[in-house]
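Subject: Structure handover

Hello,

Here is the structure for you to look through. Please open it first, then read the notes below it.

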Amino acid sequence: MALAHRLLTIRRDPHSGEVLAHGGDPEAHSILQRTGFVPVVRLHETYHRVPTGLDQAEETRLATRVVSRLQAVGYDLGADPAFATERREPHYLTLGAQVAHLATRIREAETTEEASEALTELTATHDGILPALAEVLAATADFLHDLGHPVDPHTAARLRYLANERLLVITSDLRHVRNELADRQSARPHRTPCPQEVANDEREKSASCPCLAPTRIPTTTSAPAAAPPAPAGRRR
């Protein structure tokens with residue numbers, strides 16, 4: 001099943017004339033959307049299409065670019081000859097992936113201080129992620145309000161409601177959790193620090209530890225003390 005999700009077809013539909021992309025997993029869908037494709041959710045399938053109103057040359061440009069991006073990260077593609085390319089466009093870490101890394105930091109946190117620091121990235125008053133999201137909702141509402149479609153003012157009002165009511169509640173609750181954790185100053189139960197050693201009876205002699213050595217902040221301006229003798233166990 002996992003292999004099947006690495007397969008995609010990108011073809012111009014012979015009946016509608018639309019450029020359609022079928023197949024793929026969430027990563028592929030994200031690449032399609034970031035290249036300009038629009039998701040179409042049906043009862044039994046989800047696929048992607050190019051936006052409406054483009055001329056054929058622009059449709060071909062978008063399809064060729066998404067082929068390049070998908071090939072760069074190893075997807076197996078079936079594409080029309082018009083979309084074929086040898087180019088492999090680099091795939092960079094997205095802003096969303098960087099934000100999601102905060103979840104990894106919280107899962108791996110050994111103290112309440114470390115968890116609090118991760119949550120601060122979300123809740124900081126001036127430049128936190130959640131206040132920034134509120135700005136995005138407000139800017140989108142302003143953009144829609146005067147766009148001219150009859151439904152646009154209603155959509156704009158809905159976005160302002162989400163920013164001023166729903167998102168405000170989430171931000172307030174997370175700030176409370178962050179502040180509470182900051183005051184606790186305690187270690188996470190059942191989580192012990194990595195000893196950065198391999199036991200003498202370890203069968204896998206190639207075992208290695210990815211943890212960085214803890215950074216020690218000097219508390220005196222005197223010359224550093226001599227290094228202590230190495231522990232009995234092998235270093236990782």
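Start with one pair. Glu-89 and Arg-69 form a salt bridge, with their closest N and O atoms 3.0 Å apart. A salt bridge here is a side-chain nitrogen of Lys or Arg within 4 Å of a carboxyl oxygen of Asp or Glu. This pair links distant parts of the chain, 20 residues apart: Glu-89 sits in the loop between S5 and helix H3 (95-108), and Arg-69 in helix H2. Helices (H or I, at least four residues) and strands (E, at least two) are DSSP runs, numbered from the N terminus. Both Glu-89 and Arg-69 are buried. Buried means under 20% relative accessible area, exposed over 50%, and partly exposed in between (1.4 Å probe, protein chains only).

A word on the source. This is a predicted model, where local features need pLDDT of at least 70, side-chain atom pairs count only at pLDDT 80 or more, and totals for chains, interfaces and linings use all residues. Residues are numbered from 1 along each chain as its sequence is written, and side-chain values use heavy atoms, leaving out hydrogens and water.

Now the other salt bridges. The count comes to nine. One of them joins Glu-27 and Arg-6, at 3.6 Å from N to O. Glu-27 lies in helix H1 and Arg-6 in the segment before S1, so the pair ties together parts that are 21 residues apart in sequence. Glu-27 is partly exposed, at 34% relative accessibility. Arg-6 is partly exposed too, at 24%. Arg-6, Asp-25 and Glu-27 are linked in a network of salt bridges.

Another salt bridge joins Arg-184 and Glu-180, with the closest N and O atoms 2.4 Å apart. These residues are four apart in helix H6 (residues 152-184), so about one helical turn separates them. Arg-184 has 48% relative accessibility and counts as partly exposed.

Next, the sheet. In what order do the five strands stand? The order is S3-S4-S2-S1-S5, in an open sheet with mixed pairing. Two strands pair if DSSP finds at least two bridges between them. Strand S3 (38-41) and strand S5 (76-79) stand at the edges with a single partner strand each, so one side of each has no neighbour in the sheet. Strand S1 (residues 7-12) pairs with S5 in the parallel sense, over four bridges. Thr-9 stands opposite Gly-78 in S5.

Best wishes
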